[in-house]
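The points may be read alongside the coordinates.

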Amino acid sequence: MRFIVAVVVVVLAAVMVALGFAQRTVFAPPPSVSSQVDTSDSDATVTVVPASALHGHDGRQTVSVSGGDTAFAAYGRTSDVLGWVGDATYNEVGYDQATGGLVSRTVTGDSTDVPDPTDSDLWFDQFSGSDLTFSLDAPDDVSLVVVSDGTQPAPSDIRVTWPLSTATPLAGPLIVGGLVVLLIGIGLYVWAILHHRRTRGPRRRSGDGKRPRLSRRAGRKAVKALDAQGSETIAPVRGRARSIRRLVVVAPIVLVSSLALSACTADYWPQQAPAAGSDSSTPTPTPTSSDGTGSGDQGTALQPPVISVAQAKRIVERISATATEADASLNGDLAATRFTGPALEQRQANYVIRSKDAAAAAPLAIPSGTVTLTLPQQADSWPRSAFVVVQDADASVAPVALTLEQATARDPYKVEYAVSLQTQTPLTVAPASIGAARLSPDVKLLALQPDQLAEAYGDILRNGDESQYAAQFQGDGDTLREKIGKAYKDAKRAALPTTASIDYTSQPDDETPVAFATNDAGAIVSVALNEIETVKPTATGAKVNPEGTVKTLLGLDESSKGIEATYGVELLFSVPPVGSDDPIVLLGFSQALISAKELP
C-alpha cells in the first residue's frame with residue numbers, strides 16, 4: 001500500500017510539472033493583439049487616428065500603413081493635427097469597445113486636398129514610404145495623421161498592434177509545487193522500502209524443505225549472529241540502500257536547480273495587486289506660477305506649449321539650412337520661406353547690396369548648433385510664437401536669439417526677430433515643458449509697455465543721457481549705444497561740411513512686439529526700430545555724396561536733392577515688472593541698412 005501511495009504522489013507531481021511547463025508552451029498566451037481598419041470606401045485624402053483609438057489596448061503601439069502608392073504618417077498634438085487638417089474632409093478612426101476593433105467614419109469638410117505634410121514643424125516624428133511600419137507610445141493628447149500625397153485618397157489599410165502580457169502566474173507555482181510533491185513522493189518511496197526491509201527479516205530453509213517461521217525478535221537475533229560469525233549481508237539489500245542514498249542526494253539537487261530556473265522571471269508568478277484606493281502611477285504635478293500659486297487657483301487651465309525641445313532643435317536646423325542656402329545664393333524668395341518681418345527686411349536688403357558689392361558683409365548667420373534655451377508660447381491656436389537661443393559650435397561667437405512665429409497650422413515657423421546676444425544676463429523663464437504666456441503689447445504690468453520700448457530706446461540713441469527714458473535703461477554693457485548712439489551721431493554730424501546737414505529720426509517698426517512672460521513677473525520683449533538718417537545739401541549747387549552700403553544700395557554717386565537711409569534695428573530687452581527698481585536691459589540687437597532713396 002505504501003508503494004502505491006508513493007507512485008500516486010509521483011504521478012501527481014509529474015502532472016503538476018507538465019501543466020506548469022504547458023503554461024509556457026502549448027497554453028502560452030499570444031504576445032500581441034492587432035486590429036485593422038479599411039478606408040477604401042472613402043475618397044478622403046487624410047486619415048486621423050486619435051489617441052483614443054491608439055489606446056484601444058494598453059502598451060506601446062505598432063502601426064502599419066499600406067494600401068496606396070505612397071504613404072506618409074506623422075504624429076503630433078491632437079490640436080496641431082486637427083489644425084493642420086483644417087476644413088478638409090478626413091477619415092477619423094475610432095476604437096469600438098463592443099467589437100474590440102478599429103472602426104472608421106468620414107468627417108465631411110469644405111475641401112478635399114491638403115498640402116504636402118512632409119517636414120511640417122508640427123510633427124513630433126514622421127515616416128514615409130510605400131508600406132510603413134513604426135512604433136510609438138502615444139500620450140493622451142497625441143494623434144496620428146496618415147496621408148498619401150495630399151491629392152490622392154489616403155492609404156486604405158491601417159493596422160495597430162498592441163503587446164499583450166505573456167505572464168503565466170500559475171506556471172511557477174505548478175512547477176515548484178510539482179517538484180515539492182515529487183520530493184514527497186520520493187520520500188514516501190524510500191519510507192516504503194525501509195519498511196519493507198524491516199518486515200522481511202532473515203529466512204532459512206529447514207531440512208524438510210519447509211521455510212522456518214521466526215518471530216521478528218528471533219529474526220533480528222539471527223541476523224546479529226550471522227554478522228558476528230562474519231557472514232555477509234544479502235547483497236541486493238545493500239545495493240538498494242545505495243540506490244536510496246543516491247535518490248536522497250540527487251532529489252534536492254534537481255529541486256534546487258528547477259527552482260532557480262523557474263524563478264528567473266516574474267511572469268511565472270502571481271503579481272500582487274495594488275491596495276484598494278491606492279494609485280500606482282506617478283501623480284502629475286500641478287503647474288505653478290512664479291509666486292507658487294497653482295494653476296487651479298487662477299480659474300483657467302494652462303494651455304500646452306506650442307513646441308517641444310526636440311521640435312525646436314529640428315526647426316532651428318531647418319531654418320539654418322535655408323538661411324545658409326539663401327545667403328549663399330542671394331535668394332530673397334527662399335529666405336522668405338523661413339523669415340518674416342524685420343528679420344526678412346534685413347536679409348533681402350543685404351542680398352541686394354551683396355549682388356552689387358561682393359565684398360559687403362553677410363547678414364547675421366543662423367547657426368545650427370546647440371539650442372540652449374527653448375521658451376514656447378502657451379497656445380493651441382494660431383498665430384503662435386516661440387523664443388529660442390542658439391549657440392554656435394564656435395564658442396567665441398555670440399549666441400543668437402530667435403523669435404519665431406507660425407502664422408497658420410500649415411505654415412512653417414519663421415524668424416521674425418534675429419539678434420546677436422551682447423550680455424550673459426540670466427533669464428528666469430519657465431521650462432519648455434510648460435512654456436510662457438505671450439503678453440499683450442500694451443500690457444500695464446511691466447516697467448514699460450512693450451509697444452513703447454522701441455520709441456523710448458530710439459530717443460536714448462538720439463539724446464543719450466539727456467533722454468527722458470535714460471534712467472529706466474541700463475547703460476553699462478550696452479554696446480549698441482557705442483555703435484550708433486548719440487556720440488556716434490554727433491561725430492558724424494561734425495564731420496560733414498558746412499554745405500550739408502544731417503538729421504536723425506526714429507520710429508517703431510510696424511511689426512507687433514513679441515513679449516514672453518518670465519518667472520519673475522517681468523518679460524522678454526522683441527521689438528524693431530527704424531532709424532532714419534537724412535542728409536541734405538544746404539547751399540545752392542551743393543551736392544551730397546553717399547558712402548559705403550548706402551551708395552551701393554542707392555546706386556548713385558551724388559545727389560543734389562539729398563538722401564534718406566533707413567536702418568533696421570532689431571532689439572531684445574529684459575523688462576522688469578512694474579514697481580521694480582531693476583532697469584530695462586538690452587540683451588541683444590541686430591542692425592543693418594534696409595533702404596536708401598533720393599529725396600524728391
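1. Not counting residues up to four places away in sequence, Pro383 touches Gln377, Glu405, Gln406 and Ala407, where contact means heavy atoms within 4.5 Å. Pro383 is found in the loop between β11 (370-376) and β12 (384-391); helices (H or I, at least four residues) and strands (E, at least two) are DSSP runs, numbered from the N terminus. At 49% relative accessibility, Pro383 counts as partly exposed; buried means under 20% relative accessible area, exposed over 50%, and partly exposed in between (1.4 Å probe, protein chains only). Pro383 and Asp411 are separated by 28 residues in sequence and by 9.8 Å in space, C-alpha to C-alpha.

2. The model is predicted: local features need pLDDT of at least 70, side-chain atom pairs count only at pLDDT 80 or more, and totals for chains, interfaces and linings use all residues. Residues are numbered from 1 along each chain as its sequence is written, and side-chain values use heavy atoms, with hydrogens and water left out.

3. Most residues other than glycine have a negative phi, and most peptide bonds are trans. The peptide bond from Trp382 to Pro383 is cis, with omega near -5 degrees. Leu330, in the loop between α7 and α8 (332-335), has phi near 55 degrees, a positive value in a residue other than glycine. Leu330 is partly exposed, at a relative accessible area of 29%.

4. Ala521 likewise has a positive phi, about 70 degrees, although it is not a glycine. Ala521 belongs to the loop between β17 (514-517) and β18 (523-537) and is partly exposed, with a relative accessible area of 42%.

5. Thr374, in strand β11, is buried, with a relative accessible area of 7%. Its contacts, not counting residues up to four places away in sequence, include Ile307, Ser308, Val309 and Phe387.

6. How many aromatic pairs does a search of the whole structure find? The search finds eight; rings of Phe, Tyr and Trp (its six-membered ring) pair if their centres lie within 6.5 Å, and planes under 30 degrees apart count as stacked, over 60 as edge-to-face and the rest as tilted. Trp84 and Trp123 form an edge-to-face pair, at 5.7 Å centre to centre and 65 degrees between the planes. Trp84 lies in helix α3 (residues 78-85) and Trp123 in the loop between β6 (101-107) and β7 (125-129), so the pair ties together parts that are 39 residues apart in sequence. Both residues, Trp84 and Trp123, are buried.

7. The ring centres of Tyr457 and Phe473 are 5.9 Å apart and their planes are at 50 degrees, so this pair is tilted. Tyr457 is buried, and so is Phe473. One aromatic cluster is formed by Tyr75, Phe124, Phe127 and Phe134.

8. The charged end of Arg384 sits over the ring of Trp382, 3.9 Å from its centre, and that of Arg410 sits over the ring of Trp84, 5.8 Å from its centre. The criterion is NZ of Lys or CZ of Arg within 6 Å of the ring centre and within 35 degrees of the ring normal.
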